[in-house]
Amino acid sequence: MLLSVLSWWCSWLLVSVSGAGAPEAEMKMEVLHKPFICHRKSKNGDLLLLHHEAYFENGTLLLSSRTIGDKQPVWFTLGIKEGIKGWDLGLRDMCAGEQRKLVIPPSLAYGEEGKGKIPPKTTLTFKIELVEIRNGPRSHESFQEMDLNDDWRLSKHEVKEYLKKEFERHGHPPNDTLHEEMANDIFIREDKNKDGFISSREFTYKHDEL
């Protein structure tokens, strides 16, 4: 699923807001292998290429990207609720070539209801190998949605209006102070020429630091 940097950023902050004050369920993470050289660690918004295996608590194999289906690794965007929350938490700060074991409780997996072959209240164990890290995609369509006056650049007002809509879409009331802080942070990162606007090139160009 391709989302803009603002979409995942807003989603990540909304998760933080909605989860404030609630104790996080425990997830167990074990590093099975870590390469000697690590040029880059995964962070929210990165596109990760993964091999993964999932097991039930009794050791029964549920799925495997190596032996089931097309037997190819899968792409996953970190930190935007694209998959289960346990992956968003357990795959941060990971190096290409690293392997981890995640024991994920139901509250960070498929919850009280389960999904498909996964029964309700199921703890799952994942063995994951990170094959590659890429910069997360930025959507031209998302830029057009935010560009209210079609001038091919985003003002701070347009960014704040977009954030308000995202908050409302996720069932949260507007928060002008938080929207202002988020917009300021976004402009510090994205307004590369410091002209007070984020151009379409600044938005869609994949900078190394993102």
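Analyst: Helices (H or I, at least four residues) and strands (E, at least two) are DSSP runs, numbered from the N terminus. By that rule the protein chain has six helices and eight strands, and they follow the pattern α-β-β-β-β-α-β-β-α-β-α-α-β-α along the sequence. Please keep in mind that this is a predicted model, in which local features need pLDDT of at least 70 and side-chain atom pairs count only at pLDDT 80 or more, while totals for chains, interfaces and linings use all residues. Residues are numbered from 1 along each chain as its sequence is written, and side-chain values use heavy atoms, with hydrogens and water left out.

User: Why is His-51 called buried?

Analyst: Buried means under 20% relative accessible area, exposed over 50%, and partly exposed in between (1.4 Å probe, protein chains only). His-51 has 13% relative accessibility, which is under 20%, so it counts as buried. This residue lies in strand β2 (residues 47-55).

User: What makes the pair His-51 and Ser-65 a polar contact?

Analyst: A polar contact is a pair of N or O atoms within 3.5 Å; within protein, one must be able to donate a hydrogen and the other to accept it, and residues adjacent in sequence count only if both atoms are side-chain atoms. The side chains of His-51 and Ser-65 are joined at 2.8 Å, which is within 3.5 Å, so the pair qualifies. Ser-65 sits in the loop between β3 (61-64) and β4 (74-77), and at 5% relative accessible area Ser-65 is buried. Beyond four places in sequence, Ser-65 touches Leu-50, His-51, His-52, Lys-71 and Gln-72. The contacts of His-51 include Lys-71 and Gln-72, along with Ile-128.

User: How do you know that Cys-38 and Cys-95 form a disulfide?

Analyst: A disulfide is a pair of cysteine sulfur atoms within 2.5 Å. The sulfur atoms of Cys-38 and Cys-95 are 2.0 Å apart, which is within 2.5 Å, so they form a disulfide. The structure holds one disulfide. The pair links distant parts of the chain, 57 residues apart: Cys-38 is in the loop between β1 (28-33) and β2, and Cys-95 in the loop between α2 and β5.

User: Why is this disulfide of Cys-38 and Cys-95 called left-handed?

Analyst: The torsion about the S-S bond of Cys-38 and Cys-95 is about -100 degrees, so the disulfide is left-handed. Its two ends are classed separately: Cys-38 is partly exposed at 32% relative accessibility, whereas Cys-95 is buried at 1%.

User: What makes phi of Asp-93 worth a look?

Analyst: Most residues other than glycine have a negative phi. Phi of Asp-93 is near 55 degrees, a positive value in a residue other than glycine. Asp-93 lies in the loop between α2 (85-90) and β5 (99-104), and with a relative accessible area of 47% Asp-93 is partly exposed. Asp-150 also has a positive phi, about 55 degrees, and at 59% Asp-150 is exposed.

User: Which residues touch the most other members of the largest nonpolar core?

Analyst: A nonpolar core is a set of buried Ala, Val, Leu, Ile, Met, Phe, Trp, Tyr and Cys residues joined through side-chain atoms within 4.5 Å. The largest has 21 residues, of which Leu-48, Leu-50, Trp-87, Leu-91, Ile-104, Phe-126 and Ile-128 touch the most other members. β2, β5 and β6 (124-134) each supply at least two residues of this core, and β6 gives the most, with five. A second, separate core of 13 residues includes Met-146, Ala-183, Phe-187 and Phe-203.

Methods. Contact = heavy atoms within 4.5 Å.
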